[in-house]
Amino acid sequence: MKAAVLHKIGETPKYEDYPDPKPKNEHEMVVHVKAAAIKNIEKMIANGSHYDAVDHLPMVMGFDGVAVTEDGRRVLAGSPNGMMAEKAVVPKGFVVPVPDELDDATAASLFNAGISAWFALSWRGKIKQGDSVLIMGATGVAGKMAVQLARYFGATYVAAAGRDAEALQRVSELGADEVISLAQSDEALSKAFTTLAKNHPLNCVIDFIWGHPAEILLDALTGHDLEADAHVTRYVQVGEMAGARISLAAATLRSAGIEMYGQGGGSVPKEEMGRLMTDIIPKLLQLAVEGKVKVDTEVVQLSDVEKVWSRSDLHGKRLVLIP
Ligand SMILES: NC(=O)c1ccc[n+]([C@@H]2O[C@H](COP(=O)([O-])OP(=O)(O)OC[C@H]3O[C@@H](n4cnc5c(N)ncnc54)[C@H](OP(=O)(O)O)[C@@H]3O)[C@@H](O)[C@H]2O)c1
(Lines give C-alpha, C1' and ligand atoms only; values in the text may rest on other atoms or scores of the structure.)
Protein backbone atom coordinates (compact mmCIF):
# COMPACT_ATOMS: atom_id res chain seq x y z
CA MET A 1 0.00 0.00 0.00
CA LYS A 2 0.97 3.67 -0.19
CA ALA A 3 1.53 5.51 3.11
CA ALA A 4 3.08 8.58 4.76
CA VAL A 5 6.16 7.04 6.33
CA LEU A 6 8.52 8.59 8.87
CA HIS A 7 12.04 7.15 8.77
CA LYS A 8 13.87 9.36 11.22
CA ILE A 9 12.89 11.84 13.95
CA GLY A 10 13.43 15.32 12.55
CA GLU A 11 12.52 14.34 8.98
CA THR A 12 9.30 14.92 7.05
CA PRO A 13 7.13 11.85 6.35
CA LYS A 14 7.45 10.54 2.79
CA TYR A 15 4.81 9.08 0.48
CA GLU A 16 6.00 5.60 -0.39
CA ASP A 17 5.24 1.89 -0.49
CA TYR A 18 4.81 0.19 2.87
CA PRO A 19 3.76 -3.38 3.76
CA ASP A 20 0.00 -3.82 4.27
CA PRO A 21 -0.84 -3.78 8.00
CA LYS A 22 -2.11 -7.02 9.54
CA PRO A 23 -4.35 -7.44 12.61
CA LYS A 24 -2.43 -8.88 15.57
CA ASN A 25 -5.49 -10.57 17.10
CA GLU A 26 -9.26 -10.97 16.76
CA HIS A 27 -9.86 -7.58 18.43
CA GLU A 28 -8.32 -5.71 15.48
CA MET A 29 -9.42 -5.28 11.86
CA VAL A 30 -8.18 -3.83 8.59
CA VAL A 31 -9.91 -0.69 7.32
CA HIS A 32 -9.61 1.28 4.08
CA VAL A 33 -8.73 4.86 4.91
CA LYS A 34 -10.76 7.68 3.35
CA ALA A 35 -9.34 10.71 5.21
CA ALA A 36 -6.74 11.46 7.88
CA ALA A 37 -6.09 14.94 9.26
CA ILE A 38 -2.58 16.28 9.93
CA LYS A 39 -2.52 17.52 13.54
CA ASN A 40 0.16 19.05 15.72
CA ILE A 41 0.61 15.82 17.65
CA GLU A 42 1.88 14.05 14.53
CA LYS A 43 4.12 16.99 13.66
CA MET A 44 5.53 16.95 17.21
CA ILE A 45 6.09 13.18 17.08
CA ALA A 46 7.91 13.61 13.75
CA ASN A 47 10.11 16.47 14.96
CA GLY A 48 10.81 14.83 18.33
CA SER A 49 9.19 17.50 20.53
CA HIS A 50 6.28 15.37 21.84
CA TYR A 51 6.54 13.60 25.18
CA ASP A 52 5.14 10.37 23.73
CA ALA A 53 7.96 7.94 22.95
CA VAL A 54 8.42 6.59 19.42
CA ASP A 55 9.18 2.89 19.81
CA HIS A 56 9.81 1.90 16.20
CA LEU A 57 10.89 3.43 12.93
CA PRO A 58 10.03 3.55 10.10
CA MET A 59 6.43 4.21 11.11
CA VAL A 60 3.24 5.18 9.32
CA MET A 61 1.96 8.51 10.65
CA GLY A 62 -1.58 9.33 11.79
CA PHE A 63 -3.48 8.51 14.96
CA ASP A 64 -7.03 8.74 13.63
CA GLY A 65 -9.16 9.11 10.53
CA VAL A 66 -12.24 8.13 8.60
CA ALA A 67 -12.19 4.69 7.03
CA VAL A 68 -14.43 2.03 5.54
CA THR A 69 -14.50 -1.40 7.17
CA GLU A 70 -14.34 -4.62 5.12
CA ASP A 71 -18.11 -4.99 5.62
CA GLY A 72 -18.74 -1.49 4.22
CA ARG A 73 -19.29 0.67 7.32
CA ARG A 74 -17.91 4.23 7.22
CA VAL A 75 -16.35 4.92 10.61
CA LEU A 76 -14.26 7.42 12.52
CA ALA A 77 -11.44 5.39 13.99
CA GLY A 78 -8.47 5.75 16.27
CA SER A 79 -5.37 3.77 15.42
CA PRO A 80 -1.99 3.42 17.07
CA ASN A 81 -0.67 1.91 13.81
CA GLY A 82 -0.94 4.79 11.36
CA MET A 83 -3.94 6.19 9.48
CA MET A 84 -2.09 8.27 6.87
CA ALA A 85 -2.13 5.34 4.48
CA GLU A 86 -4.41 3.46 2.12
CA LYS A 87 -5.05 0.85 4.80
CA ALA A 88 -4.81 0.73 8.57
CA VAL A 89 -5.40 -1.70 11.39
CA VAL A 90 -7.71 -0.41 14.10
CA PRO A 91 -9.09 -1.90 17.32
CA LYS A 92 -12.63 -3.12 16.58
CA GLY A 93 -13.91 -1.31 19.67
CA PHE A 94 -12.34 1.99 18.71
CA VAL A 95 -14.62 2.95 15.82
CA VAL A 96 -17.76 5.08 15.63
CA PRO A 97 -20.16 5.17 12.65
CA VAL A 98 -20.02 8.45 10.69
CA PRO A 99 -23.46 9.92 9.91
CA ASP A 100 -24.19 10.15 6.16
CA GLU A 101 -24.61 13.92 6.41
CA LEU A 102 -20.92 14.45 7.25
CA ASP A 103 -18.18 14.45 4.64
CA ASP A 104 -14.96 12.54 5.27
CA ALA A 105 -12.76 15.60 5.83
CA THR A 106 -15.11 17.13 8.41
CA ALA A 107 -15.48 13.91 10.35
CA ALA A 108 -11.73 13.25 10.25
CA SER A 109 -11.04 16.75 11.61
CA LEU A 110 -13.35 16.38 14.60
CA PHE A 111 -11.45 13.67 16.44
CA ASN A 112 -8.33 15.30 17.91
CA ALA A 113 -9.67 18.86 18.24
CA GLY A 114 -13.01 17.66 19.58
CA ILE A 115 -11.55 15.35 22.20
CA SER A 116 -9.09 17.94 23.51
CA ALA A 117 -11.70 20.68 23.76
CA TRP A 118 -14.28 18.32 25.29
CA PHE A 119 -12.00 16.90 27.98
CA ALA A 120 -10.44 20.28 28.74
CA LEU A 121 -13.81 21.98 29.21
CA SER A 122 -15.79 19.22 30.88
CA TRP A 123 -13.39 16.95 32.76
CA ARG A 124 -10.65 19.43 33.72
CA GLY A 125 -12.52 22.71 33.36
CA LYS A 126 -15.71 21.46 35.11
CA ILE A 127 -17.57 23.96 32.98
CA LYS A 128 -21.17 24.62 33.96
CA GLN A 129 -24.13 26.69 32.92
CA GLY A 130 -23.45 30.41 33.28
CA ASP A 131 -19.64 30.22 33.35
CA SER A 132 -17.24 32.72 31.82
CA VAL A 133 -14.52 31.11 29.76
CA LEU A 134 -11.39 32.31 27.99
CA ILE A 135 -9.91 30.26 25.15
CA MET A 136 -6.22 30.99 24.46
CA GLY A 137 -5.27 30.05 20.89
CA ALA A 138 -8.91 30.26 19.84
CA THR A 139 -7.92 30.79 16.21
CA GLY A 140 -6.63 27.21 15.86
CA VAL A 141 -8.75 24.20 14.98
CA ALA A 142 -8.89 22.97 18.58
CA GLY A 143 -9.41 26.51 19.88
CA LYS A 144 -12.39 27.11 17.59
CA MET A 145 -13.81 23.78 18.70
CA ALA A 146 -13.42 24.88 22.32
CA VAL A 147 -15.25 28.16 21.64
CA GLN A 148 -18.20 26.26 20.18
CA LEU A 149 -18.22 23.52 22.82
CA ALA A 150 -18.00 26.08 25.63
CA ARG A 151 -21.29 27.43 24.33
CA TYR A 152 -22.71 23.92 24.06
CA PHE A 153 -21.76 23.27 27.70
CA GLY A 154 -23.63 26.40 28.77
CA ALA A 155 -21.01 29.13 29.12
CA THR A 156 -22.67 32.51 29.00
CA TYR A 157 -19.51 34.49 28.23
CA VAL A 158 -16.89 33.13 25.86
CA ALA A 159 -13.78 35.22 25.24
CA ALA A 160 -11.33 34.12 22.58
CA ALA A 161 -7.69 35.15 22.15
CA GLY A 162 -5.62 34.59 18.99
CA ARG A 163 -3.17 36.32 16.67
CA ASP A 164 -4.54 36.15 13.16
CA ALA A 165 -7.08 38.90 12.44
CA GLU A 166 -9.05 36.99 9.80
CA ALA A 167 -9.20 33.88 11.96
CA LEU A 168 -10.42 36.00 14.90
CA GLN A 169 -13.23 37.22 12.67
CA ARG A 170 -14.17 33.59 12.02
CA VAL A 171 -14.05 32.90 15.78
CA SER A 172 -16.61 35.70 16.28
CA GLU A 173 -18.85 34.13 13.64
CA LEU A 174 -18.59 30.84 15.53
CA GLY A 175 -20.02 32.46 18.64
CA ALA A 176 -17.31 34.14 20.74
CA ASP A 177 -18.68 37.11 22.70
CA GLU A 178 -15.35 38.90 22.62
CA VAL A 179 -12.11 38.42 20.72
CA ILE A 180 -8.75 39.56 22.07
CA SER A 181 -5.87 40.03 19.67
CA LEU A 182 -2.58 38.54 20.83
CA ALA A 183 -0.90 40.67 18.17
CA GLN A 184 -0.64 43.77 20.38
CA SER A 185 1.85 45.12 22.88
CA ASP A 186 2.31 43.30 26.20
CA GLU A 187 0.84 46.31 28.02
CA ALA A 188 -2.25 46.48 25.82
CA LEU A 189 -2.77 42.72 26.05
CA SER A 190 -2.40 42.76 29.82
CA LYS A 191 -4.99 45.52 30.01
CA ALA A 192 -7.39 43.56 27.82
CA PHE A 193 -7.04 40.50 30.08
CA THR A 194 -7.47 42.58 33.26
CA THR A 195 -10.62 44.21 31.88
CA LEU A 196 -12.01 40.84 30.80
CA ALA A 197 -11.40 39.26 34.21
CA LYS A 198 -12.93 42.27 35.98
CA ASN A 199 -16.08 42.36 33.85
CA HIS A 200 -16.47 38.59 33.52
CA PRO A 201 -14.62 36.82 36.34
CA LEU A 202 -13.22 33.74 34.61
CA ASN A 203 -14.32 30.30 35.76
CA CYS A 204 -12.18 28.56 33.22
CA VAL A 205 -9.25 29.20 30.90
CA ILE A 206 -8.45 26.67 28.17
CA ASP A 207 -4.92 27.32 26.93
CA PHE A 208 -3.75 25.85 23.62
CA ILE A 209 -0.67 28.07 23.29
CA TRP A 210 1.12 28.58 26.67
CA GLY A 211 4.39 30.60 26.29
CA HIS A 212 4.52 34.37 26.64
CA PRO A 213 0.76 35.01 26.22
CA ALA A 214 0.15 32.70 29.22
CA GLU A 215 2.69 34.68 31.26
CA ILE A 216 0.88 37.92 30.48
CA LEU A 217 -2.49 36.38 31.30
CA LEU A 218 -1.34 34.85 34.59
CA ASP A 219 0.27 38.13 35.63
CA ALA A 220 -2.99 39.89 34.81
CA LEU A 221 -4.94 37.40 36.94
CA THR A 222 -2.63 37.90 39.92
CA GLY A 223 -4.53 39.38 42.86
CA HIS A 224 -3.65 42.59 44.70
CA ASP A 225 -6.04 42.47 47.66
CA LEU A 226 -5.31 40.45 50.81
CA GLU A 227 -8.98 40.62 51.82
CA ALA A 228 -10.32 39.43 48.47
CA ASP A 229 -12.76 36.54 48.36
CA ALA A 230 -11.01 33.98 46.16
CA HIS A 231 -12.69 33.48 42.82
CA VAL A 232 -11.74 30.08 41.42
CA THR A 233 -10.37 30.05 37.88
CA ARG A 234 -9.61 26.59 36.56
CA TYR A 235 -6.68 27.04 34.18
CA VAL A 236 -6.34 24.10 31.78
CA GLN A 237 -3.07 23.70 29.88
CA VAL A 238 -3.62 21.86 26.57
CA GLY A 239 -1.09 22.98 23.96
CA GLU A 240 2.16 24.88 23.59
CA MET A 241 2.16 26.67 20.24
CA ALA A 242 3.63 29.87 21.75
CA GLY A 243 6.25 28.13 23.88
CA ALA A 244 6.81 24.99 25.96
CA ARG A 245 7.85 26.78 29.16
CA ILE A 246 6.71 29.80 31.11
CA SER A 247 7.91 31.82 34.03
CA LEU A 248 5.26 31.81 36.78
CA ALA A 249 5.36 34.20 39.74
CA ALA A 250 4.76 32.47 43.08
CA ALA A 251 2.40 35.27 44.06
CA THR A 252 0.07 34.44 41.18
CA LEU A 253 -0.92 31.16 42.83
CA ARG A 254 -1.04 32.64 46.35
CA SER A 255 -3.02 35.74 45.54
CA ALA A 256 -5.87 34.39 43.40
CA GLY A 257 -7.98 31.25 43.20
CA ILE A 258 -6.13 29.89 40.18
CA GLU A 259 -6.12 26.11 39.90
CA MET A 260 -3.82 24.74 37.23
CA TYR A 261 -4.39 21.51 35.34
CA GLY A 262 -3.18 19.85 32.17
CA GLN A 263 -5.08 17.77 29.68
CA GLY A 264 -3.51 15.36 27.20
CA GLY A 265 -2.68 11.74 26.54
CA GLY A 266 -1.44 10.32 29.84
CA SER A 267 -3.46 12.59 32.13
CA VAL A 268 -7.01 11.54 31.27
CA PRO A 269 -8.28 8.80 33.62
CA LYS A 270 -9.55 5.46 32.28
CA GLU A 271 -13.21 6.20 33.17
CA GLU A 272 -13.15 9.38 31.06
CA MET A 273 -11.33 7.66 28.19
CA GLY A 274 -13.89 4.86 28.42
CA ARG A 275 -16.58 7.35 27.38
CA LEU A 276 -14.68 8.46 24.29
CA MET A 277 -16.07 6.16 21.61
CA THR A 278 -19.40 5.44 23.33
CA ASP A 279 -20.50 8.99 24.27
CA ILE A 280 -18.11 11.77 23.31
CA ILE A 281 -17.24 11.08 19.66
CA PRO A 282 -20.86 10.16 18.74
CA LYS A 283 -22.02 13.40 20.40
CA LEU A 284 -19.39 15.45 18.53
CA LEU A 285 -20.46 13.90 15.22
CA GLN A 286 -24.10 14.64 16.05
CA LEU A 287 -23.29 18.27 16.96
CA ALA A 288 -21.51 18.59 13.60
CA VAL A 289 -24.55 17.20 11.77
CA GLU A 290 -26.73 19.76 13.58
CA GLY A 291 -24.33 22.56 12.62
CA LYS A 292 -23.57 23.30 16.28
CA VAL A 293 -19.87 22.64 15.78
CA LYS A 294 -18.06 23.48 12.57
CA VAL A 295 -14.52 22.74 11.43
CA ASP A 296 -12.75 24.42 8.55
CA THR A 297 -10.86 21.97 6.36
CA GLU A 298 -8.66 21.81 3.29
CA VAL A 299 -8.32 18.54 1.44
CA VAL A 300 -4.99 17.42 -0.08
CA GLN A 301 -3.78 14.18 -1.62
CA LEU A 302 -1.85 11.74 0.54
CA SER A 303 0.80 11.72 -2.20
CA ASP A 304 1.48 15.40 -1.38
CA VAL A 305 2.16 14.73 2.31
CA GLU A 306 5.82 15.74 2.17
CA LYS A 307 5.00 19.00 0.37
CA VAL A 308 2.19 20.10 2.74
CA TRP A 309 3.50 18.74 6.08
CA SER A 310 5.02 22.01 7.31
CA ARG A 311 2.47 24.46 5.91
CA SER A 312 2.06 27.42 8.22
CA ASP A 313 -0.61 29.38 6.33
CA LEU A 314 -3.63 27.47 7.65
CA HIS A 315 -4.83 29.76 10.48
CA GLY A 316 -7.54 27.49 11.82
CA LYS A 317 -8.04 25.21 8.83
CA ARG A 318 -7.29 21.49 9.20
CA LEU A 319 -5.34 19.86 6.36
CA VAL A 320 -6.87 16.49 5.55
CA LEU A 321 -5.02 13.82 3.57
CA ILE A 322 -7.05 11.72 1.14
CA PRO A 323 -5.41 8.46 -0.01
N1 LIG B 1 -3.52 17.92 24.80
C2 LIG B 1 -4.31 17.53 23.82
O3 LIG B 1 -5.07 16.58 23.96
C4 LIG B 1 -4.29 18.29 22.54
C5 LIG B 1 -5.17 17.97 21.50
C6 LIG B 1 -5.23 18.81 20.37
C7 LIG B 1 -4.32 19.85 20.26
N8 LIG B 1 -3.41 20.06 21.26
C9 LIG B 1 -2.43 21.13 21.16
O10 LIG B 1 -3.12 22.37 21.11
C11 LIG B 1 -2.39 23.28 20.29
C12 LIG B 1 -3.31 23.82 19.21
O13 LIG B 1 -3.73 22.76 18.40
P14 LIG B 1 -4.62 23.05 17.09
O15 LIG B 1 -5.00 21.76 16.52
O16 LIG B 1 -5.66 24.05 17.38
O17 LIG B 1 -3.50 23.73 16.16
P18 LIG B 1 -3.67 24.72 14.93
O19 LIG B 1 -4.97 24.55 14.26
O20 LIG B 1 -2.42 24.55 14.16
O21 LIG B 1 -3.69 26.16 15.60
C22 LIG B 1 -2.54 26.72 16.14
C23 LIG B 1 -2.93 27.82 17.10
O24 LIG B 1 -1.75 28.28 17.77
C25 LIG B 1 -1.61 29.68 17.53
N26 LIG B 1 -0.18 29.98 17.51
C27 LIG B 1 0.77 29.38 16.79
N28 LIG B 1 1.97 29.90 17.07
C29 LIG B 1 1.75 30.86 18.02
C30 LIG B 1 2.60 31.77 18.71
N31 LIG B 1 3.92 31.77 18.52
N32 LIG B 1 2.03 32.62 19.57
C33 LIG B 1 0.69 32.64 19.78
N34 LIG B 1 -0.16 31.79 19.16
C35 LIG B 1 0.38 30.92 18.28
C36 LIG B 1 -2.32 29.95 16.24
O37 LIG B 1 -2.67 31.31 16.20
P38 LIG B 1 -2.88 32.17 14.85
O39 LIG B 1 -3.39 31.21 13.78
O40 LIG B 1 -3.89 33.18 15.26
O41 LIG B 1 -1.56 32.74 14.50
C42 LIG B 1 -3.52 29.04 16.41
O43 LIG B 1 -4.46 29.61 17.29
C44 LIG B 1 -1.18 22.51 19.78
O45 LIG B 1 -0.08 22.76 20.65
C46 LIG B 1 -1.60 21.06 19.89
O47 LIG B 1 -0.49 20.18 20.03
C48 LIG B 1 -3.39 19.32 22.39
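User: What should I know about the model and its numbering before I start?

Analyst: Residues are numbered from 1 along each chain as its sequence is written. The model is predicted, so local features need pLDDT of at least 70, side-chain atom pairs count only at pLDDT 80 or more, and totals for chains, interfaces and linings use all residues.

User: Into which domains is the protein divided?

Analyst: The bounds come from an automatic or database domain assignment. Here they give domain 1 (2-98 + 293-322) and domain 2 (113-262). Their C-alpha centres lie 30 Å apart. Seven residues from domain 1 and 14 residues from domain 2 make the contact, where two residues touch if their C-beta atoms, placed from the backbone, lie within 7 Å.

User: How do I read a sheet, and which strands stand at the edges?

Analyst: Start with the terms: helices (H or I, at least four residues) and strands (E, at least two) are DSSP runs, numbered from the N terminus. Two strands pair if DSSP finds at least two bridges between them. In this structure, three strands form an open antiparallel sheet in the order S2-S1-S4. Strand S2 (14-17) and S4 are at the edges with a single partner strand each, so one side of each has no neighbour in the sheet. Four bridges join S1 (residues 2-6) to S2 in the antiparallel sense, and Val5 stands opposite Lys14 in S2.

User: Which residues of helix H4 are buried, and which are exposed?

Analyst: Count the other C-beta atoms, placed from the backbone, within 10 Å of a residue's own: 20 or more means buried, 12 or fewer exposed, and anything in between partly exposed. In H4 (residues 165-173), Ala167, Leu168, Arg170 and Val171 are buried. Seen down the axis of H4, these buried residues fall within an arc of 155 degrees, so they line one face of the helix; the arc is taken from the directions from the helix axis to the C-beta atoms. They pack against H3, strand S10 (157-162) and strand S11 (178-181). On the other side of H4, the exposed residues are Ala165, Glu166, Gln169 and Glu173. Just after H4, Gly175 has a positive phi of about 120 degrees.

User: How many residues surround the ligand, and which are the closest?

Analyst: A residue is near a molecule if its C-beta atom, placed from the backbone, lies within 6 Å of it. The ligand is surrounded by 29 residues, the closest being Ser116, Gly140, Gly239, Ala242 and Gly264. H1, H2 and helix H3 (141-152) are the elements that give two or more residues to this shell. Domain 1 and domain 2 each provide at least three residues of the shell.
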